[in-house]
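Good morning, and thank you for the time.

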Amino acid sequence: MQHLIEQYGLLAVFLGCLAEGEGAAILGGFFAHQGVFGLPAAVLASFTGAALGDMGFFLLGRRYARHPWVQRLRARPGFARADRLVRRHPNAFVLLNRYVYGMRLVGGVAAGLAEIGFWRFAVLNLVSALAWAALFTALGYVFGLGVQEFIGRALHAHQRLWIGGGLLVFAGLAAVIVRTWLIRRARELPT
């Protein structure tokens with residue numbers, strides 16, 4: 001398992017950060033702490049995935065506004081709110097949207113449909129993605145310190161990797177539960 005994580009771990013972090021990747025960035029920091037790969041490499045993989053993912057969502061909204069998939073996104077509960085926010089506060093929206101769980105995809109498409117210029121979005125997106133990647137990867141790294149102290153140094157590297165995998169599964173389940181709760185809550189709120 002360690003060999004697979006060493007070989008494909010950074011790719012997994014990159015791919016995980018293309019969409020709602022907080023868990024992938026945190027896990028990248030955790031594995032960097034374990035010495036599987038370097039912390040700068042984990043931050044770079046998180047940053048690249050987050051920046052390209054949001055740029056893709058932006059371009060999807062910009063180029064394919066009439067596509068049925070984009071129209072379905074526009075019908076989602078949080079889209080009207082994201083659209084209002086991006087039109088009122090475009091800079092703040094692009095900088096902060098990725099920090100609101102469950103809004104990254106909708107927010108990127110909403111930004112693409114708004115009157116934000118490509119270069120303006122690109123610069124703000126890069127700044128935001130770098131701060132986001134550094135923050136969440138650092139959280140994973142610091143969390144790795146806590147796990148190591150809690151579990152103890154007696155465990156072998158492969159046991160820590162299994163624990164990290166278990167934590168990833170736990171984080172994924174928690175994310176699904178929180179996302180489901182937020183969607184239900186958004187449906188109950190008046191638009």
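I shall discuss a pair of packed helices, then a further helix and one of its residues. Please bear in mind that this is a predicted model.

Let us begin with helix 2, residues 22-33, and helix 3, residues 39-63. Their axes lie 8 Å apart and form an angle of about 170°. Angles over 145 degrees count as roughly antiparallel, and therefore helix 2 and helix 3 are roughly antiparallel to each other. Their crossing is right-handed. Which residues make up the contact? From helix 2 come Ala-25, Gly-28, Gly-29 and Ala-32, and these meet Leu-39, Ala-42 and Ser-46 of helix 3.

I turn now to helix 5. Here Phe-79, Ala-82, Asp-83 and Val-86 are buried. Viewed down the axis of helix 5, the buried residues fall within an arc of 100°, so they line one face of the helix. As background, an α-helix has 3.6 residues a turn, so residues three or four places apart point the same way. What covers the buried residues of helix 5? The cover includes helix 4 (68-74), helix 6 (90-96) and helix 7 (104-113). On the face turned away from the buried side, helix 5 carries the exposed residues Arg-81 and Arg-88.

Finally, consider Leu-85, which also lies in helix 5. Its relative accessible area is 35%, so Leu-85 is partly exposed. Setting aside neighbours within four places in sequence, Leu-85 is in contact with Pro-90 and Phe-93. Leu-85 and Ala-111 are 26 residues apart in sequence, and their C-alpha atoms are 9.6 Å apart in space.

Terms used
Residues numbered from 1 in each chain as written. Predicted model: local features only at pLDDT ≥ 70, side-chain atom pairs only at ≥ 80, totals over all residues. Heavy atoms only, no water. Helix = DSSP H or I, 4+ residues; strand = E, 2+ residues; numbered from the N terminus. Buried < 20%, exposed > 50% of the residue type's maximum accessible area, 1.4 Å probe, protein only. Contact = heavy atoms within 4.5 Å. Axes fitted to C-alpha atoms, helices over the stretch in contact; angles between N-to-C directions. Parallel < 35°, antiparallel > 145°, perpendicular 65-115°, else oblique. Left-handed = near helix turned anticlockwise from the far one by under 90°. Arc of directions from axis to C-beta.
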